[in-house]
Structures are given as C-alpha cells and as structure tokens.
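This briefing is written for a reader who is meeting the structure below for the first time.

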Amino acid sequence: MESAVIVVAGHAFGAFEVAVIAGLLLVTLALVLAWRGARARAEVEAAGVERQRELEDRLAAMTAAQAELTGRLQAMAQTLGERQSEVQRSVTERLDSVTHRLGQSMLDTTRYTTENLAKLNERLAVIDTARSSIGDLAAEVGSLKAVLANKQARGAFGQARMEAIVQDGLPHGTFTFQATLSNGRRPDCTVALPNTPQVLVIDAKFPLEAMLAWRTAEGEAERKAAAQRVKADVGKHVDDIASKYLIPGETQDMALMFVPSESIFAELNEAFEDVTQKAFRQRVVLVSPSLLMMAVQVMQALVRDARMRDEARLVQIEIGHLLEDVRRLRDRALALERHFGQAVEDVEKVLVSSDKVLKRGARIEAVELADGEPARLIRPAAE
C-alpha cells in the first residue's frame with residue numbers, strides 16, 4: 001500500500017491520486033484557460049467586428065457627407081455662377097444707367113449752360129439798356145436841375161405835377177385849371193365839390209432857393225439868415241393865397257398850398273413848424289404830392305357819393321313808375337279775371353242746354369210703334 005502524500009479532511013491521498021488530481025486540475029485549468037482565451041478571442045473578434053462596423057458606418061457617413069458636400073459645392077458653384085451672372089447683369093445695367101444719366105446730365109448741363117448764356121446775354125443787353133437809360137436819366141436830371149434853377153420854369157414844374165395828380169384822381173368837369181375868380185385872380189386849380197357852390201382852391205408854390213440856402217448854410221449866422229429867408233418866402237406864399245383866393249361865398253374857407261417836393265415838405269414840417277402853424281391859422285394847408293393824392297381821393301369819394309345819391313333818386317323815380325305799371329297791370333288782370341268768370345258761367349249754361357237737348361233726342365229715339373196702338377213716348381226714368 002502506497003504511503004499517504006497529503007491528508008485532506010481526514011482522507012489521505014497517495015502520490016498516484018495526487019498526480020491524477022493534479023492532472024485533472026491541470027486539464028481543468030487548461031480547459032478554463034482555453035475557454036477564457038476563446039472567449040477573449042471571441043470578444044476581440046466581436047470588438048473588431050464592431051469596430052469594423054463602426055468604421056464602415058463612419059466611412060459610409062463620410063461618403064454621404066462627402067456626397068452632400070459635393071452636392072453643396074455644386075449647388076454653391078451653381079449659385080455662385082447665377083450670382084455672378086446677376087452681378088454682371090446688374091453691373092451692366094447700372095453702367096448703362098450711369099452712362100445714360102451721364103449723357104442726360106451732360107445734355108441738361110449743356111442746355112442749362114446755353115440757357116444761362118442766353119439769359120446772361122439778355123441781362124447784358126438789359127444792363128446796356130439800363131446804362132443808356134442812366135445816361136438819359138443823367139441828362140434829364142441835368143435838364144431838371146436847369147429847370148429848377150429857373151424860377152418861372154420851377155413854378156411851371158410844380159403846377160404841371162399838381163395838374164397831373166388832379167387829372168389822375170378826379171373826373172372831368174369837377175376841376176378847372178387857371179380859372180378866373182370874381183376878384184380877377186387866377187389860381188392854379190379850382191375843384192367843384194358836391195352839394196355846395198363854393199370851390200376849393202389849390203395853388204402850387206416851390207420855395208426851392210431858400211431851402212437850398214438853408215441846407216447848404218455852414219455857420220450859425222448864415223443858417224439863421226437862411227431860416228429867416230425860408231420863413232419869409234413861405235410866409236409870403238401863404239399870405240398871397242390867403243389874400244387872393246379865399247373869397248367868402250365863392251371859395252371854400254380853406255385853400256391848399258401844394259409843395260411839389262416831399263423832402264422840402266418834410267423839412268418845413270420838421271424844422272419850421274411855426275410856419276405851418278401860421279399857415280393853418282390863415283386857413284392855408286400845406287400839402288405834399290402824397291397828401292394831395294389823399295385829398296384828391298377824398299374829394300373823389302365825395303363826388304362819387306353825390307353821384308350815387310343822384311343815381312339813387314333816379315332809381316327811386318324809376319321804381320315809382322314801375323310800381324304804377326304794376327298797379328295798372330293788376331287792374332287789368334282783375335278785369336280779365338271778371339271777364340274770364342263770365343265766360344266760364346256762359347260755358348256752363350251752354351253745357352246745361354246741350355244736356356237738355358241730348359235728353360230730348362234720347363226720348364225721341366225711344367219712341368215705340370205697335371200695331372193698332374197710337375204712338376207713345378217712352379220717357380226715361382228721370383232727367
């Protein structure tokens with residue numbers, strides 16, 4: 001009997017048993033290892049297959065992405081081509097538009113320049129005309145200066161200006177130039193006012209020499225002497241008008257002294273107020289051209305109002321005649337109404353007679369003749 005090599009749980013195992021058990025263990029271990037190796041290889045193979053599948057999926061995805069990218073690139077290329085064509089077409093259209101506008105602008109600029117040159121030529125012609133007019137005006141001013149230097153010509157100038165204002169504002173027949181008054185005096189103008197036989201006297205005076213001397217005076221003494229001369233000249237004109245042209249019952253109790261220069265009139269009222277006040281006390285009113293125009297407009301309104309009243313009286317007379325015609329027409333209409341009523345009554349009577357005749361004819365027509373009976377008249381039920 002073999003000797004025990006190992007005792008396990010009270011059981012002794014021999015060398016042979018130990019060797020068998022060891023062989024079994026080795027075989028089992030080898031099987032386990034082989035199973036594990038196969039399992040590991042299977043797992044590796046499965047992982048490889050999975051990786052291969054993932055690689056294939058990724059490759060397919062990359063292929064699809066590449067195809068999609070290719071499609072997008074083609075679409076982008078097509079879009080880019082279309083955009084490039086549109087840009088080229090737009091650039092061409094804009095270039096054409098710019099070229100057209102540039103050409104039109106050049107044409108407009110040329111036309112505008114031509115028109116401006118024409119206008120410039122016209123203005124130059126106007127300037128030349130104005131220059132010649134200025135030369136003529138200078139000559140006229142020289143002539144006016146010569147006229148104003150002469151006392152008689154100056155008086156004629158003032159009278160002509162006064163006559164122009166009166167003629168422009170008043171109707172003919174209401175004014176008279178150089179009329180002779182009952183005392184033999186002849187004022188420059190007399191104006192007949194409505195509703196009064198007294199005329200308004202207007203006389204032109206032009207104290208130019210004294211005013212020029214007062215304007216050009218340098219020293220105090222010279223200026224005082226010039227002022228005294230102005231007062232004396234204007235006072236003499238006022239006295240002449242007050243004594244010669246204010247006639248009770250023939251002229252108005254006020255006369256107008258016409259000063260044909262606005263500047264001289266303004267200086268008289270500003271620097272020589274005592275002269276104008278004295279003239280007013282003498283019932284002589286100094287007027288400038290503008291004030292004379294206003295006075296003429298007032299007189300024109302008075303004349304127009306008087307004429308309107310005369311015309312209104314004529315209209316009232318005509319309205320009276322018209323009312324008489326209307327009354328006569330009413331009487332004739334009433335007579336016609338009476339005749340018409342009588343005619344209507346006669347017509348009604350004629351209709352009644354015709355109705356009776358018709359009824360009698362109907363009765364005659366209704367006569368019946370029978371054998372052996374005398375004729376009898378069948379009367380209608382009621383007439």
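R283 lies in the loop between α6 and β7, the latter spanning residues 284-287. The model is a predicted one, and in it the phi of R283 is near 65°, a positive value in a residue other than glycine. Most residues other than glycine have a negative phi. R283 counts as partly exposed, because its relative accessible area is 44%.

**Another loop residue with positive phi**

- N195 is a residue other than glycine whose phi is positive, with a value near 65°, and its place is in the loop between β4 (189-192) and β5 (199-204).
- N195 counts as exposed, because its relative accessibility is 68% and the cut-off for exposed is over 50%.

**The chain as a whole**

- The protein chain contains seven helices and seven strands, and, when read along the sequence, these follow the pattern β-β-α-α-β-β-β-α-α-β-α-α-β-α.
- Of the 383 residues in the protein chain, 19% are buried.
- When contacts in the protein chain between residues at least 6 apart in sequence are considered, 58% of them join residues at least 24 apart.

**Aromatic pairs**

- A pair of aromatic rings is described by the distance of the centres and the angle of the planes.
- The count of aromatic pairs, taken with ring centres within 6.5 Å, comes to two.
- F175 is buried, with a relative accessible area of 11%, whereas F177 counts as partly exposed at 22% relative accessibility.
- W214 and F272 form an edge-to-face pair, with 5.2 Å from centre to centre and 65° between the planes.
- This second pair links distant parts of the chain, since W214 is in helix α3 (residues 208-216) and F272 is in the loop between α5 (262-271) and α6 (273-281), 58 residues apart.
- Both partners count as buried, W214 at 11% relative accessibility and F272 at 2%.

**A residue in strand β4**

- T190 is found in strand β4 and counts as buried, because its relative accessibility is 7% and the cut-off for buried is under 20%.
- Leaving aside neighbours within four places in sequence, T190 is in contact with T174, F175 and T176, with A179, and with V199, L200 and V201.

**The packing of α3 against α4**

- Two packed helices are described by the angle between their axes and the distance between the axes.
- The axes of α3 and helix α4 (residues 220-245) come within 8 Å and cross at roughly 160°, so α3 and α4 are roughly antiparallel to each other, given that angles over 145 degrees count in this way.
- The crossing of α3 and α4 is left-handed.
- On the α3 side the contact involves E209, A210, M211, A213 and W214, and on the α4 side these meet R223, A226, A227, R229, V230 and D233.
- By residue type, the contact of α3 with α4 is made up of seven nonpolar and four charged residues, with no polar ones.

Definitions and conventions. Residues are numbered from 1 along each chain as its sequence is written. This is a predicted model: local features need pLDDT of at least 70, side-chain atom pairs count only at pLDDT 80 or more; totals for chains, interfaces and linings use all residues. Side-chain values use heavy atoms; hydrogens and water are left out. Rings of Phe, Tyr and Trp (its six-membered ring) pair if their centres lie within 6.5 Å; planes under 30 degrees apart count as stacked, over 60 as edge-to-face and the rest as tilted. Buried means under 20% relative accessible area, exposed over 50%, partly exposed in between (1.4 Å probe, protein chains only). Helices (H or I, at least four residues) and strands (E, at least two) are DSSP runs, numbered from the N terminus. Axes are lines fitted to C-alpha atoms, for helices over the stretch in contact, and angles run from 0 to 180 degrees between N-to-C directions. Angles under 35 degrees count as roughly parallel, over 145 as roughly antiparallel, 65 to 115 as roughly perpendicular and the rest as oblique. A crossing is left-handed if the near helix is turned anticlockwise from the far one by less than a right angle, and right-handed if clockwise. Contact means heavy atoms within 4.5 Å. Ala, Val, Leu, Ile, Met, Phe, Trp, Tyr, Cys and Pro count as nonpolar, Asp, Glu, Lys and Arg as charged, and the others, Gly among them, as polar.
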